[in-house]
Amino acid sequence: MNYTTAEMMTVAAARALSNDDICFVGIGLPSAACNLARLTHAPGITLIYESGTIRTRPRVLPLSIGDGELCESALTTVSVPEMFRYWLQGGRIGIGFLSGAQMDRFGNLNSTVIGGYTHPAVRLPGSGGASEIATSCGEIFIIMRQSIRSFAAKLDFLTSLGHGRNGTERAAAGVKTKGPTLGISDLCSMSSDPETKEFVVRSLHPGVTRRQVRENTGWEIRFAQAVEETPPPNQMELEALRELNERTAAAHGVTAGD
Amino acid sequence: MAEILSLSEAVARFVQDGDVVAMEGFTHLIPFAAGHEVIRQRRRDLTLVRMTPDILYDQLIGMGAARKLVFSWGGNPGVGSLHRMRDAVERGWPAPLELDEHSHAAMANAYEAGAAGLPCALFRGYRGTDLPGVNRNIKFVSCPFTGEELAAVPSIRPDVAIIHAQKADREGNVLLEGIVGVQKEAVLAARRSIVTVEEMVDDLALKSPNAVVLPCWTVSAVVEAPGGAHPSYAHGYYARDNAFYFAWDKIARDRNTFLEWMQANVIGARS
């Protein structure tokens with residue numbers, strides 16, 4: 001079956017999740033990946049959105065973080081202060097699945113501004129839940145489209161702490177959780193190097209070259225000693241993803257996962 | 001004790017120029033009808049507080065009602081930017097907008113501290129981020145018992161909180177359910193509050209002894225405003241108008257298109 005690079009990215013991200021995971025879901029690309037996992041190999045996964053909806057099972061991808069279906073299909077819905085205090089800060093969530101406008105080699109994310117803070121070239125939405133998701137969840141998975149602008153050597157603003165600007169800042173800031181362990185793009189899958197903490201390419205999606213990855217990365221990206229090829233999406237994964245996107249498009253008039 | 005008022009009376013009595021105003025509703029139950037009345041009554045120099053400024057705050061900012069924005073995520077959910085907010089921040093139109101920018105965790109804690117009558121909120125947050133460097137309202141303190149460093153932000157104590165809910169009874173007791181966000185905290189943290197509701201009923205017909213009810217003596221004014229959360233939604237009444245959220249992107253992109261739309265649909269429309 002033919003598939004797009006966006007489909008490969010979402011499928012690769014979904015595969016990283018398992019049936020027993022408790023996952024805090026960001027809107028957009030993370031939401032698509034998390035729900036695809038739930039609809040394929042991880043039907044028991046607990047998905048939590050910052051609107052307070054716990055173990056939600058939406059039929060379509062939500063357009064906003066607080067769509068009605070998230071509440072209607074949830075095990076329970078709590079207030080937003082309870083969500084951030086008892087559930088996130090309380091350490092009850094294993095994985096935070098995030099995205100952003102910019103990421104650096106240490107998995108730090110910018111979702112605040114491009115350019116200076118006071119007079120930005122582009123004013124982005126801001127942290128939302130991300131700043132504390134990044135430090136309170138057990139570990140962080142990141143999904144982003146890869147380009148020379150989004151995979152930046154230096155962030156314009158650090159909204160959400162990865163491993164810090166030198167790879168060692170989590171411990172220095174008193175943060176005990178693991179931080180970014182996995183990065184998925186439309187070109188490759190990366191994991192955090194156990195020593196240096198920078199993202200290292202572990203597998204290339206089918207048809208993608210090392211040169212392509214280098215050309216779309218703002219720093220000199222490292223490759224693992226044995227780089228594998230990401231297994232392409234199988235029929236079951238693709239059908240589930242396309243059905244999800246079709247239901248979503250019919251419900252919203254567009255694809256919320258894009 | 002809550003007074004049952006018309007929307008124009010409630011806004012005229014309880015929202016003043018220069019007020020700190022929190023209009024809350026986390027995607028759900030956003031008080032559009034009340035916000036539009038604030039625009040029609042031409043309130044100015046407001047400090048607008050809201051975790052997730054979306055279309056309603058884009059409209060208030062674009063119409064020049066705001067001096068300052070206290071927020072943690074500003075965007076059109078699932079669609080993109082708030083063009084009026086960006087125009088104010090990036091180019092100062094129609095007026096410069098001061099930002100007091102936080103994370104969701106900070107604002108949720110700050111509302112809760114406000115409701116609890118505390119001067120500040122403590123939480124485990126902002127570690128390693130650049131936000132404390134651009135916002136003097138983010139500090140760090142040591143726990144007196146363990147020495148752990150914790151983030152501190154001032155509690156949110158609005159002059160007036162405005163929310164939309166499903167029902168109120170004739171006394172002005174209010175029921176809200178579904179995604180309840182921070183609305184209970186916002187009302188209890190505020191000096192005054194306006195609650196618009198889908199319907200006034202004789203009996204709230206509570207399905208659970210733990211239903212979220214704001215007793216009438218915690219609310220200044222209750223206003224019947226059916227459809228008052230549109231284009232957001234009211235659980236049990238109507239769904240989110242996602243098509244309008246997409247349409248807004250085009251309306252808000254251009255200053256003149258925006259002003260014409262506001263004139264036709266808000267200023268010219270009766271409450």
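A residue counts as buried if 20 or more other C-beta atoms lie within 10 Å of its own. Keep that cut-off in mind, everyone, and let me start with one residue. L29(B) has 30 C-beta neighbours inside 10 Å, so it counts as buried. You will find L29(B) in the loop between β2 (20–23) and α2 (32–40) of chain B. And there is a backbone detail to go with that: L29(B) is not a glycine, yet it has a positive phi of about 55°.

Before I go on, a reminder that what we are looking at is a predicted model.

Where does R55(A) sit? It is in the loop between β3 (53–54) and α3 (68–72) of chain A. Its surroundings come out like this: R55(A) has 14 C-beta neighbours inside 10 Å and therefore counts as partly exposed.

While we are on backbone details, let me show you two cis peptide bonds in chain B. W93(B) and P94(B) are joined by one, with omega at about 0°. P94(B) belongs to the loop between α4 and β5 (98–101) of chain B. Another cis peptide bond links H230(B) to P231(B), and here omega is about 10°. For P231(B), look in the loop between β13 (221–224) and α8 of chain B.

Now let's step back to the whole chains, beginning with chain A. It is built with 8 helices and 14 strands. Its C-alpha trace spans about 45 × 45 × 35 Å along the principal axes. A compact globule of 258 residues would have a radius of gyration near 18 Å, and the 17 Å of chain A agrees with that. Of those 258 residues, 56% count as buried. If you take contacts in chain A between residues at least 6 apart in sequence, 66% of them join residues at least 24 apart.

The axes of α1 (residues 5–15) and α8 (residues 235–252) of chain A come within 11 Å and cross at roughly 105°. Because of that angle, α1(A) is roughly perpendicular to α8(A). Which residues of α1(A) meet α8(A)? They are E7(A), T10(A) and V11(A), and on the α8(A) side their partners are E237(A), L238(A) and L241(A).

Over to chain B, then. Here we have 9 helices and 13 strands. The radius of gyration of chain B is 18 Å, close to the 18 Å from the globule rule for 271 residues, so chain B is as compact as a globular protein of that length. Its C-alpha atoms fill a box of roughly 55 × 50 × 30 Å along the principal axes. Buried residues make up 55% of the 271 in chain B. Among its contacts with a separation of 6 or more, 75% are between residues 24 or more positions apart.

Chain B is divided into domain 1 (3–99 + 158–267) and domain 2 (104–154). Where they touch, the contact takes 8 residues from domain 1 of chain B and 8 residues from domain 2 of chain B. The C-alpha centres of these two domains are 26 Å apart.

A quick stop at Q263(B), in helix α9 (residues 255–267) of chain B. Buried or exposed, what do we make of Q263(B)? It counts as exposed, because it has 11 C-beta neighbours inside 10 Å. The C-alpha atoms of Q263(B) and R40(B) are separated by 9.7 Å, although the two residues are 223 residues apart along the chain.

So how do the chains meet? The contact takes 47 residues from chain B and 44 residues from chain A. On the chain B side, the elements giving two or more residues are α4 (83–91), α5, α6 (131–134), α7 (183–189) and α8 (242–253). Of these, α5(B) gives the most, with 6 residues.

Definitions and conventions
Residues are numbered from 1 along each chain as its sequence is written. Chains are lettered from A and ligands numbered from 1 in the order in which they are written. This is a predicted model: local features need pLDDT of at least 70, side-chain atom pairs count only at pLDDT 80 or more; totals for chains, interfaces and linings use all residues. Helices (H or I, at least four residues) and strands (E, at least two) are DSSP runs, numbered from the N terminus. The radius of gyration is taken over C-alpha atoms; the globule rule is 2.2 Å times the number of residues to the power 0.38. A residue is buried if 20 or more other C-beta atoms lie within 10 Å of its own, exposed if 12 or fewer, and partly exposed in between; C-beta atoms are placed from the backbone. Two residues are in contact if their C-beta atoms, placed from the backbone, lie within 7 Å. Axes are lines fitted to C-alpha atoms, for helices over the stretch in contact, and angles run from 0 to 180 degrees between N-to-C directions. Angles under 35 degrees count as roughly parallel, over 145 as roughly antiparallel, 65 to 115 as roughly perpendicular and the rest as oblique. Domain bounds come from an automatic or database domain assignment.
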